[in-house]
Amino acid sequence: MPFIMLIYYIITAYILAMLIWNFIKEKKSVNDMLLYLLVMIPLILRLLRVK
């Protein structure tokens, strides 16, 4: 795996981890939780290498 691709997956995993952290901390708004989930879907698919 090329070095650039490895960095890309590390950055994607970091962003996904931050979104999961914010999703867990969010207690007030269900709409915000839904938005976090919608943003997480493409990142999860990218990490699983599903196109």
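Ile-10 is exposed, at a relative accessible area of 53% (exposed means over 50%, buried under 20% and partly exposed in between, with a 1.4 Å probe and protein chains only as cover). The model is predicted, so local features need pLDDT of at least 70 and side-chain atom pairs count only at pLDDT 80 or more, whereas totals for chains, interfaces and linings use all residues. Residues are numbered from 1 along each chain as its sequence is written, and side-chain values use heavy atoms, with hydrogens and water left out.

The chain contains two helices and zero strands; helices (H or I, at least four residues) and strands (E, at least two) are DSSP runs numbered from the N terminus. The radius of gyration is 13 Å, well over the 10 Å that the globule rule gives for 51 residues, so the chain is more spread out than a compact globule. This radius is taken over C-alpha atoms, and the rule is 2.2 Å times the number of residues to the power 0.38. The C-alpha trace spans about 40 × 20 × 10 Å along its principal axes. Of the 51 residues, 14% count as buried.

Helix α1 covers residues 3–25. Its 23 residues reach 33 Å from the first C-alpha to the last, close to the 33 Å expected at 1.5 Å a residue, the expected span being 1.5 Å times one less than the number of residues. The buried residues of α1 are Tyr-9, Thr-12, Leu-16 and Leu-19, and what covers them includes α2. Thr-12 has a relative accessibility of 5%. Residues up to four places away in sequence aside, Thr-12 touches Leu-43, Arg-46 and Leu-47, where contact means heavy atoms within 4.5 Å.

Met-5 is partly exposed at 36%, as is Ala-13 at 34% and Asn-22 at 30%. Ile-10, in α1, lies 9.2 Å from Leu-47, at a sequence separation of 37 residues. Ala-13 and Leu-38 are 16 Å apart in space and 25 residues apart in sequence. For Asn-22 and Asp-32, the values are 9.7 Å and 10 residues.

A nonpolar surface patch of about 1200 Å² is formed by residues including Met-1, Phe-3, Met-5, Ile-10, Tyr-14 and Met-18. Patches consist of residues with over 30% relative accessible area and no salt bridge, like charges being joined within 9 Å and nonpolar side chains (Val, Leu, Ile, Met, Phe, Trp, Tyr) within 5 Å. A salt bridge is a side-chain nitrogen of Lys or Arg within 4 Å of a carboxyl oxygen of Asp or Glu.

Arg-49 lies in the segment after α2 (30–47). Its phi is near 60°, a positive value in a residue other than glycine. Most residues other than glycine have a negative phi. Arg-49 counts as exposed, at 51% relative accessibility.

Terms used: Areas by Shrake-Rupley, 256 points an atom, 1.4 Å probe, with all protein chains shown as cover.
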